[in-house]
Amino acid sequence: MTGVRLRFAPSPTGYLHIGGLRTALYNYLYAKGHDGKFILRIEDTDRTRFVEGALENLIRSLQWAGITYDEGVFLNADGSLEQRGEFGPYIQSERMAEGIYDRYIEDLLERGDAYYCFCSKERLDHLREQQKSDGLIPRYDGLCRAVTLEEARERVAAGEEHVIRLKLPVNRDIVVMDEVKGKIVINTNDMDDQVLIKSDGFPTYHFAVVVDDHLMGITHIVRGDEWLPSTPKHVYLYEVFGWQAPVFVHLPTVLNRDRKKLSKRNDDVAVEDFIAQGYLPEGLVNYLALVGWSPDSTEEILTMEELVEQFGFERVSKTGGIFDRDKLNWVNAHHIKKYSDEELGELLKPYLLEEKLITGDYPAAKLTLLGNTFKDSLDRLMDIQAQARFLFIDQVDITEADAVEYAAKEHVPALRTAFIEALNEVEVVDEAFAKSIMKRIQKQTGVKGKDLFMPMRALLTGKVHGPELVNVIQLLGKDILLKRLTD
């Protein structure tokens, strides 16, 4: 397939939702898998919900996730925004300023496929309440259809408040062919004369999205299935304009474990939350791809390149995908293990600095050793704060029953004395010291096996199980080791 063009078209109304990131990802994967183009377009016509800085946050989240696009709105290193591509502007409010939507709404008005509506909010609210009480589907009753275009223009010129609505045909079946949901048929008698231009002069999503997708040559519209009820109106607009409709793909909703839509009140839903918690971009992207789609194999740990190669809409589920935090952690842990010790140490550094466990001049060699020590136990980078905390305090409390038992054994004072003597003979605790100290103590005291290692681990860490003791000894260093053995 050639000439494939897909877009992600969010509104700058706040953080990027985890469901939105999955939508962007599926668009990206399909576009790249078919040598096509992926576009970022910003739909900001609802000015009442506009949030300052939301656009920049959204772009940073996409950049972090490795979801690159070919055209659209870009964030420069200095924080400025720049639009690149042949089909701009890529911000709807700027497209409105250029009069793009005016031309097309005028065409619909002249041909009788749209009309001015002067009904007040009070009348519309009363109409909806009456229809609900009568057991009817709330919809506009078409009162202003009878107003001629000439009369309507006079009323508009006189300053009367108005909107412009789509004039749907009566009793007509509208057919939507969706790549995931299949064939969907809705009769216009069950639909509403959708508002195309609001009273503030801004186009609604339902009008602007059709015009923009057509002018930008979008071949596939991939979005959440919450937009499915509106799609027949979009299909009809394509028809009245005489344009070929794109392929529609409506994705299943991302659900929580209670099979309810992820909500800010009960769930982590912002991409920035997952970034802050130390999920890797490749881990979150890998997992999100699996929430509603499955590869044609049993392999679940996939790189972005492998996802591009394998992704297709034919394996997208028709039902909502469950967002399972445990499964996300499992996937992310696999990607953490792919990093070298040195790379992982650098990734962990900000989280250690955040908790003031280390300072900026903490040795690079020890960061690498930290990466090696905790690589197999981390689900998220943030986990290092809790797991490594015991390394950066002078004393640890021995409270676990097994640790208390081993630390109280009668031969422990001899072990403690032998370790302190060895420490006093060296300037620094290095790898050679850490690897040889237990053998030295064994020879000196005659204690070996669990009776040697468990008490020493209890004294040094407060527990009888944990990271490799050779690493722990090096990370603690001479001063903290002495404090834990002498105080």
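These legends walk through several close-up views of a predicted model.

Residue numbers start from 1 along each chain as its sequence is written. Because this is a predicted model, local features need pLDDT of at least 70 and side-chain atom pairs count only at pLDDT 80 or more, while totals for chains, interfaces and linings use all residues, and side-chain values use heavy atoms, with hydrogens and water left out.

**View 1. The whole chain, before we zoom in.**
The protein chain has 20 helices and 13 strands. Here helices (H or I, at least four residues) and strands (E, at least two) are DSSP runs, numbered from the N terminus. A compact globule of 487 residues would have a radius of gyration near 23 Å, but this protein chain has 31 Å; the radius is taken over C-alpha atoms, and the globule rule is 2.2 Å times the number of residues to the power 0.38. Along the principal axes, the C-alpha atoms fill a box of roughly 105 × 50 × 45 Å. Buried residues account for 51% of the 487 residues. For this and every view below, buried means under 20% relative accessible area, exposed means over 50%, and partly exposed is in between (1.4 Å probe, protein chains only).

The structure holds 31 salt bridges, a salt bridge being a side-chain nitrogen of Lys or Arg within 4 Å of a carboxyl oxygen of Asp or Glu. Side chains of opposite charge can pair when their charged atoms come close. Asp 212 and Arg 41 form one of these salt bridges, with their closest N and O atoms 3.9 Å apart. Asp 212 sits in helix H7 (residues 205-215) and Arg 41 in the loop between strand E2 (37-40) and helix H2 (54-65), so the pair ties together parts that are 171 residues apart in sequence. Both Asp 212 and Arg 41 are buried. They also belong to a network of salt bridges that links Arg 7, Arg 41, Glu 43, Arg 95, Asp 212 and Asp 213.

**View 3**
The side chains of Asp 125 and Arg 128 meet in a salt bridge, 2.9 Å from N to O. Both residues lie in helix H5 (residues 121-133), three residues apart, which is about one turn of the helix. Asp 125 counts as partly exposed because its relative accessibility is 29%, and Arg 128 counts as partly exposed at 38%.

**View 2. Lys 327 and Glu 300, a link between distant parts of the chain.**
Look for the salt bridge between the side chains of Lys 327 and Glu 300, at 2.8 Å from N to O. Lys 327 is in helix H12 (residues 325-336) and Glu 300 is in the loop between helix H10 (281-290) and H11, and the pair links these distant parts of the chain, 27 residues apart. With 26% relative accessibility, Lys 327 counts as partly exposed, and Glu 300, at 28%, is partly exposed too.

**View 3. Two surface patches.**
Patches are made of residues with over 30% relative accessible area and no salt bridge: like charges are joined within 9 Å, and nonpolar side chains (Val, Leu, Ile, Met, Phe, Trp, Tyr) within 5 Å. One patch is negative, formed by Glu 299, Glu 305, Glu 306 and Glu 309. Glu 306 lies in helix H11 (residues 304-310) and is partly exposed, at 33% relative accessibility. Another patch is nonpolar, covers about 260 Å² and is made by Val 175, Met 177 and Val 185. Val 175 is in strand E7 and is partly exposed, at 41% relative accessibility.

Most residues other than glycine have a negative phi, and most peptide bonds are trans. Gly 88 and Pro 89, though, are joined by a cis peptide bond, with omega about -5 degrees. Pro 89 is in the loop between strand E4 (81-84) and helix H3 (92-97). Asn 171 is not a glycine, yet has a positive phi of about 50 degrees; its place is the loop between strand E6 (163-166) and strand E7 (173-178). Asn 171 counts as exposed because its relative accessibility is 52%. Lys 356 is not a glycine either, and has a positive phi of about 60 degrees. Lys 356 is found in the loop between H13 and helix H14 (364-374), and is exposed, with a relative accessible area of 72%.

How values were computed: Areas by Shrake-Rupley, 256 points an atom, 1.4 Å probe, with all protein chains shown as cover. Lys, Arg positive; Asp, Glu negative; His and termini not counted. Charge placed at Lys NZ, Arg CZ, Asp CG, Glu CD.
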